[in-house]
Amino acid sequence: MYGNKRVLCVIPARGGSKGLPGKNVMLLAGRPLIAHTIGHARGSRYIDRTIVSTEDLDIARVALENGAEIPFRRPAELAADDSGTLDVLAHAVEAMETGHGCSFEILVLLHATAPLRRPEDIDNCIELLAEKGAGNVFSVARAQRNPYFNMVETKPDGRVGLVKDGSFTTRQDAPPVYEMNSSIYVWRMERFKKERSIFSGGSAIYEMPRERSIDIDDRLDFRMAEMLMDGEGACRRA
């Protein structure tokens, strides 16, 4: 609970991943991938309930073994390749409210594919929501490329040019831009129900370091996460 506001955390995890089949239960640093995110949620000072939305029995079993709740089974129509995450969230909220009589004031979305965030990152996002008076907060990382300096596109007339007009000598001189790192999303529940959108007039961003911003989509991402986590372990052992 944050102040007097109850906080619901939803971790969506379906079984039909195409980029890396079975990734949600693949062992990363000795634990199933989804277990890392469940641990982050359970380590938060503010999250009251941590639920996993899945249609997959194996993911559900692993989630339960690692301390998450499975209060409902995600319907098949929300577990397809083209199912939207916001629709999955809306279903989870409605299931908790109407099916289980629970109400919450703050909604947190954590993707299981971001195993390098820390519990304090989640808490910082929740605190930022209140401090900024924002409608929602999402995590980002500083982009390696910059559309004002070294990102190009083919224009409608066939010319190739910078994505955004600029004449900066170095990338550091250009306006900072960020990548959404798919790690943490926080909404005021009323705002989520009203707008069901990531981008609203009241959005704020929370910047995370790149080494905690890996979003696993394929085997190369998974290998990078392994190397970063091996490095953390080596530092702790030193």
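Is L220 buried or exposed? L220 is exposed, because its relative accessible area is 57% (buried means under 20%, exposed over 50%, partly exposed in between, with a 1.4 Å probe and protein chains only). This is a predicted model, in which local features need pLDDT of at least 70 and side-chain atom pairs count only at pLDDT 80 or more, while totals for chains, interfaces and linings use all residues. Residues are numbered from 1 along each chain as its sequence is written, and side-chain values use heavy atoms, without hydrogens and water.

**Surface patch**
- L220 belongs to helix 6, residues 219-237 (a DSSP run of H or I with at least four residues; strands are E runs of at least two).
- Together with M224 and M227, L220 makes a nonpolar surface patch of about 290 Å² (residues with over 30% relative accessible area and no salt bridge, nonpolar side chains being joined within 5 Å).

**Largest pocket**
- The largest pocket holds about 470 Å³ of space (an open set of points on a 1 Å grid where a 1.4 Å probe fits, with protein on both sides within 12 Å along at least five of seven lines; lining residues have an atom within 4 Å of a point).
- Its lining has 23 residues, of which P12, R14, K23, T85 and H111 are the closest to the centre.
- Eight of the lining residues are nonpolar, eight polar and seven charged.
- Helix 3 (85-100) and strand 9 (178-188) each supply at least two lining residues.

**Second largest pocket**
- The second largest pocket has about 280 Å³ of space.
- Its lining includes E179, R210, D221 and M224.
- Strand 9 and helix 6 each give two or more residues to this lining.
- Five nonpolar, two polar and five charged residues make up the lining.

Conventions: Patch = residues over 30% accessible without salt bridge, like charges linked within 9 Å, V, L, I, M, F, W, Y side chains within 5 Å. Areas by Shrake-Rupley, 256 points an atom, 1.4 Å probe, with all protein chains shown as cover. Salt bridge = Lys/Arg side-chain N within 4 Å of Asp/Glu carboxyl O. Points joined across faces, edges and corners; volume = space filled by probe spheres on them. Nonpolar A, V, L, I, M, F, W, Y, C, P; charged D, E, K, R; others polar.
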